[in-house]
Amino acid sequence: MNEEMINQVRNRFAQVDACPQQGPRVFFENAGGALTLNSVVDTSKAYAAIPDNQGRDNAGSHELVRVITKAKDDMRVFMNAPDGQFFVGESGTELLFRVIMNACLGTAGDGIVLGSTVEHPATRSACHRWSRISGKTHRLVTHDDALGLVTAEDYAVQVTPDTRVATILHTSPVTGMGMDVAAISGAIRAVAPDCIIIVDGIQHAAHGQIDLASYDVDGYVISPYKMFSRHGYGLAWISDRMTAMEHDSLVGGPDGNWELGTRDTGAYATLSDVTDYLEWLGTQFTDSTDRRERFKAAGAAIHAHEKSLTDAMIQGTGNLPGLASMPRVRIIGGIDNPAREGLVSLYVEGMDSADVVTALNKEGIRTHLRKADHYSGNILDPLGLDGCVRVSMCHYNSLHEVAQFLAVMKSIAE
């Protein structure tokens with residue numbers, strides 16, 4: 001993206017270059033929660049005032065139902081989901097627990113629940129609990145420590161015909177590496193064709209490229225606050241096969257309904273704000289009038305721009321050396337890793353990573369400390385690290401911001 005395009009993009013986001021508490025700052029904490037679209041802020045305010053509920057025979061209620069239906073249709077096109085259903089819940093983590101619970105309880109009471117060591121604790125913890133309760137064994141495929149990812153070949157070695165449930169992490173929030181979901185799913189189905197496959201897409205969603213039709217999976221979960229919307233809800237897609245499984249629902253209620261209670265229509269409405277934005281972005285890179293093609297163009301542009309940012313961060317820009325040239329800096333996942341998606345995790349030899357985050361923050365660079373705890377120990381412990389600095393970017397970040405970061409890192413590393 002050129003500078004004019006970046007400025008157009010940045011103008012659509014709230015607090016893009018300043019924090020109400022800190023003042024001017026560079027926001028490189030997008031993996032913790034992306035910036036929010038201005039349109040999402042406005043929509044949230046408007047829907048907070050509405051007293052009506054869905055399912056009533058009045059004009060206000062009818063409009064709420066229309067908005068929810070539109071949001072689901074918008075997500076169906078964006079995520080390329082010709083079948084199945086979308087529903088919202090408390091959070092992405094809560095939805096992963098719920099979907100995994102029902103997959104474990106709804107399949108034969110033996111066999112394997114297969115995941116990987118690269119996964120976020122949302123899936124690993126849910127599988128740990130519900131595999132035991134459902135009489136299954138939880139098995140983990142070991143990820144590649146050096147590359148920060150797991151491959152289809154790794155899964156192929158571990159999958160067995162009695163694999164009942166499998167989980168896949170689309171992108172790691174610690175290493176920043178994306179997995180080949182379609183290839184991993186294919187490796188699983190080749191041996192266990194009836195396996196229920198569930199994907200954690202929470203970290204991947206902001207990068208704009210989701211194609212459910214190509215994945216051959218049964219569940220996909222995102223957290224919209226990490227995709228330019230707001231906190232307070234998660235979004236799940238499940239296949240028709242998963243929809244038909246027994247699940248928590250009201251006795252006598254509608255068949256196939258996975259939502260529990262009245263959901264926030266404003267949450268659904270902000271999903272349409274996100275798809276409207278991504279479609280607009282796509283029109284800047286394609287002349288197609290087809291919505292799906294516009295979403296694909298937006299995703300390609302996002303990927304290309306974020307790669308240019310991570311390349312500049314690692315290799316340098318202008319007269320500023322990149323992280324790879326700083327003698328004490330080490331990059332998790334390697335310097336040249338094509339699986340990287342807008343994120344660089346690093347540590348400085350001889351310096352506590354918490355101190356690096358503090359030093360960056362004092363200079364107006366917002367990053368995040370990942371500690372070897374229940375969230376990130378699966379990645380950091382094998383590397384012998386007690387922490388790392390996560391520098392996470394999105395497509396609205398600029399090369400100038402990368403340069404600001406590198407200038408500060410140069411002084412820190414020296």
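This is a predicted model: local features need pLDDT of at least 70, side-chain atom pairs count only at pLDDT 80 or more; totals for chains, interfaces and linings use all residues.

Q: How do the residues of the lining of the second largest cavity divide by class?
A: The lining of the second largest cavity has six nonpolar, three polar and two charged residues. Its members are Val118, Glu119, His120, Pro121, Arg124, Ser172, Pro173, Val174, Tyr375, Asn378 and Ile379. Helix H5 (121-133) and helix H13 (377-380) each contribute at least two residues to that lining. The space inside the second largest cavity comes to about 40 Å³.

Q: How many cavities of 30 Å³ or more does a search of the whole structure find?
A: Rolling a probe the size of a water molecule over the atoms shows where empty space is left. In this model the search gives two cavities of 30 Å³ or more. The largest cavity holds about 80 Å³ of space. Its lining counts 14 residues, and those nearest the centre are Asn30, Ala31, Gln203, Ala206 and His207. By class, the lining of the largest cavity splits into seven nonpolar, five polar and two charged residues.

Q: What is the volume of the largest pocket, and which residues lie nearest its centre?
A: A pocket is an open set of points, whereas a probe in a cavity cannot get out. The volume of the largest pocket is about 470 Å³. There are 17 residues in its lining, with Gln54, Asn257, Glu259, Gly261 and Thr262 nearest the centre. Helix H3 (residues 59-78) gives the most to this lining, namely four residues. Six residues of the lining of the largest pocket are nonpolar, seven polar and four charged.

Q: What about the second largest pocket: which residues are the closest to its centre?
A: The second largest pocket has a volume of about 390 Å³. Its lining has 24 residues, and His120, Ile202, Tyr225, Lys226 and Tyr375 are the closest to the centre. Helix H4 (92-105) and strand S16 (368-371) each supply at least two residues of the lining. The classes in the lining of the second largest pocket are seven nonpolar, eleven polar and six charged. His120 and Tyr375 also belong to the lining of the second largest cavity.

Q: Now the helices. At roughly what angle do the axes of H3 and H10 cross?
A: A helix pair can be read from the angle between the axes, then from the residues that meet. The axes of H3 and helix H10 (residues 265-283) come within 8 Å and cross at roughly 40°. H3 is therefore oblique to H10. The crossing of these two helices, H3 and H10, is left-handed. From H3, the residues in contact are Leu64, Val67, Ile68, Lys70, Ala71, Lys72, Asp74, Met75 and Phe78. From H10, they are Thr265, Tyr268, Ala269, Leu271, Ser272, Thr275, Asp276 and Leu278. The contact of H3 with H10 has ten nonpolar, three polar and four charged residues.

Q: How are H10 and H11 set to each other, roughly parallel or roughly perpendicular?
A: The axes of H10 and helix H11 (residues 291-315) cross at roughly 80° and come within 7 Å. Angles of 65 to 115 degrees count as roughly perpendicular, and H10 and H11 are therefore roughly perpendicular to each other. On the H10 side the contact is made by Thr275, Leu278, Glu279, Leu281, Gly282 and Thr283. On the H11 side it is made by Arg291, Arg294, Phe295, Ala297, Ala298 and Ile302. By class, the contact of H10 with H11 has six nonpolar, three polar and three charged residues.

Q: And at what angle do H1 and H10 pack?
A: Helix H1 (residues 3-10) packs on H10 at an angle of about 165°, and the axes are 12 Å apart. Angles over 145 degrees count as roughly antiparallel, so H1 and H10 are roughly antiparallel to each other. The crossing of H1 and H10 is right-handed. Met5, Gln8 and Val9 of H1 meet Tyr277, Trp280 and Leu281 of H10. The contact of H1 with H10 has five nonpolar residues, one polar and no charged.

Terms used. Residues are numbered from 1 along each chain as its sequence is written. Side-chain values use heavy atoms; hydrogens and water are left out. On a 1 Å grid over the protein atoms alone, a cavity is a set of points where a 1.4 Å probe fits but cannot get out, and a pocket is an open set with protein on both sides within 12 Å along at least five of seven lines; lining residues have an atom within 4 Å of a point. Grid points are joined across faces, edges and corners, and a volume is the space filled by probe spheres set on the points. Ala, Val, Leu, Ile, Met, Phe, Trp, Tyr, Cys and Pro count as nonpolar, Asp, Glu, Lys and Arg as charged, and the others, Gly among them, as polar. Axes are lines fitted to C-alpha atoms, for helices over the stretch in contact, and angles run from 0 to 180 degrees between N-to-C directions. Angles under 35 degrees count as roughly parallel, over 145 as roughly antiparallel, 65 to 115 as roughly perpendicular and the rest as oblique. A crossing is left-handed if the near helix is turned anticlockwise from the far one by less than a right angle, and right-handed if clockwise. Contact means heavy atoms within 4.5 Å.
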